[in-house]
Amino acid sequence: MSGGLTHIAASGEAHMVDVGEKAETVRIAVAEGRIRMKPETLALIREGNAKKGDVIGAARIAGIMAAKRTSDLIPLCHPLMLSKVTVDIDEEPELPGLRVTATVKLTGQTGVEMEALTAVSVTCLTIYDMAKAADKGMEIGGIRLMEKTGGKSGHYRNPEAL
């Protein structure tokens, strides 16, 4: 069923995909997103002067926790035993704002794309929450899969990945 919607049964209803017969392989997914903000807000975050405290540290932990809880948030996702989750938050002065990159890894029967995308999304939302007192106009966007390896479909690399 290449290119089809795997979570839709032949009869049309949504269902959880049976991954029981799939081979266990090492699977890695990398996703990214951005949060644009005023230069002054970026300076507050960089200097650690946001009212709620360490924005970057709290957002990183939130992203890792979110990856681990993806199946609780996204219907039909399998609960997974992740072996590694990293969340990197880098300043992008030209936005101005921050770029969030999440890498998720496991050895298993299904991919981790949703976990990487969820980690990025929740990291960006946490940055917004922690800095909204200074800048309610922040904009979250560009959330996308950059790369994934492992599994039957093999390697995917977003054409826009560096």
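Let's start inside. The largest cavity is lined by Ala67, Lys68, Thr70, Ser71, His78, Pro79, Leu80, Leu82 and Glu115. Keep in mind that this is a predicted model. The volume of that cavity is about 40 Å³. How many cavities of 30 Å³ or more does a search of the whole structure find? One.

Who supplies the lining? Helix H2, residues 55–68, and helix H3, residues 70–73, each give at least two residues to it. Sorted by class, the lining has four nonpolar, three polar and two charged residues.

Now the helix pair. Two residues of the cavity lining, Ala67 and Glu115, turn up again here, Ala67 in H2 and Glu115 in H4. H4 covers residues 113–131. The axes of H2 and H4 come within 7 Å. At what angle do they cross? Roughly 145°. The crossing is right-handed.

Here is the contact itself. From H2 we have Val55, Ala58, Ala59, Ala62, Gly63, Ala66 and Ala67. From H4 they meet Glu115, Thr118, Ala119, Val122, Thr123, Thr126, Ile127 and Met130. By class, that makes 10 nonpolar, four polar and one charged residues. Look at the spacing along each helix as you read those names. An α-helix has 3.6 residues a turn, so residues three or four places apart point the same way.

On to helix H1, residues 39–47. Which of its residues are buried? Thr41, Leu42, Ala43 and Ile45 are. Their cover includes H2, E2, E3 and H4.

Most residues other than glycine have a negative phi, and most peptide bonds are trans. Two places in this model deserve a look on that score.

Leu76 is not a glycine, yet its phi is positive, about 75°. Leu76 sits in the loop between H3 and E2.

The peptide bond from Leu95 to Pro96 is cis, with omega near -10°. Pro96 is in the loop between strand E2, residues 84–92, and E3.

Next, Gly111. Gly111 lies in the loop between strand E3, residues 97–108, and H4. Gly111 has a relative accessible area of 22%, so it is partly exposed. What does Gly111 contact beyond its neighbours within four places in sequence? Arg27 and Leu80. Gly111 and His78 are 33 residues apart along the chain, with their C-alpha atoms separated by 9.5 Å.

Last stop, Ile28, in strand E1, residues 25–36. Its relative accessibility is 28%, so Ile28 counts as partly exposed. In sequence, Ile28 and Leu106 are 78 residues apart. In space, C-alpha to C-alpha, the two are 6.7 Å apart. Setting aside neighbours within four places in sequence, Ile28 is in contact with Thr103, Val104 and Lys105, with Val112, and with Glu147, Lys148 and Thr149.

To recap: one cavity of 30 Å³ or more, a right-handed crossing of H2 and H4, a positive phi at Leu76, and a cis bond from Leu95 to Pro96.

Notes. Residues are numbered from 1 along each chain as its sequence is written. This is a predicted model: local features need pLDDT of at least 70, side-chain atom pairs count only at pLDDT 80 or more; totals for chains, interfaces and linings use all residues. Side-chain values use heavy atoms; hydrogens and water are left out. On a 1 Å grid over the protein atoms alone, a cavity is a set of points where a 1.4 Å probe fits but cannot get out, and a pocket is an open set with protein on both sides within 12 Å along at least five of seven lines; lining residues have an atom within 4 Å of a point. Grid points are joined across faces, edges and corners, and a volume is the space filled by probe spheres set on the points. Helices (H or I, at least four residues) and strands (E, at least two) are DSSP runs, numbered from the N terminus. Ala, Val, Leu, Ile, Met, Phe, Trp, Tyr, Cys and Pro count as nonpolar, Asp, Glu, Lys and Arg as charged, and the others, Gly among them, as polar. Axes are lines fitted to C-alpha atoms, for helices over the stretch in contact, and angles run from 0 to 180 degrees between N-to-C directions. A crossing is left-handed if the near helix is turned anticlockwise from the far one by less than a right angle, and right-handed if clockwise. Contact means heavy atoms within 4.5 Å. Buried means under 20% relative accessible area, exposed over 50%, partly exposed in between (1.4 Å probe, protein chains only).
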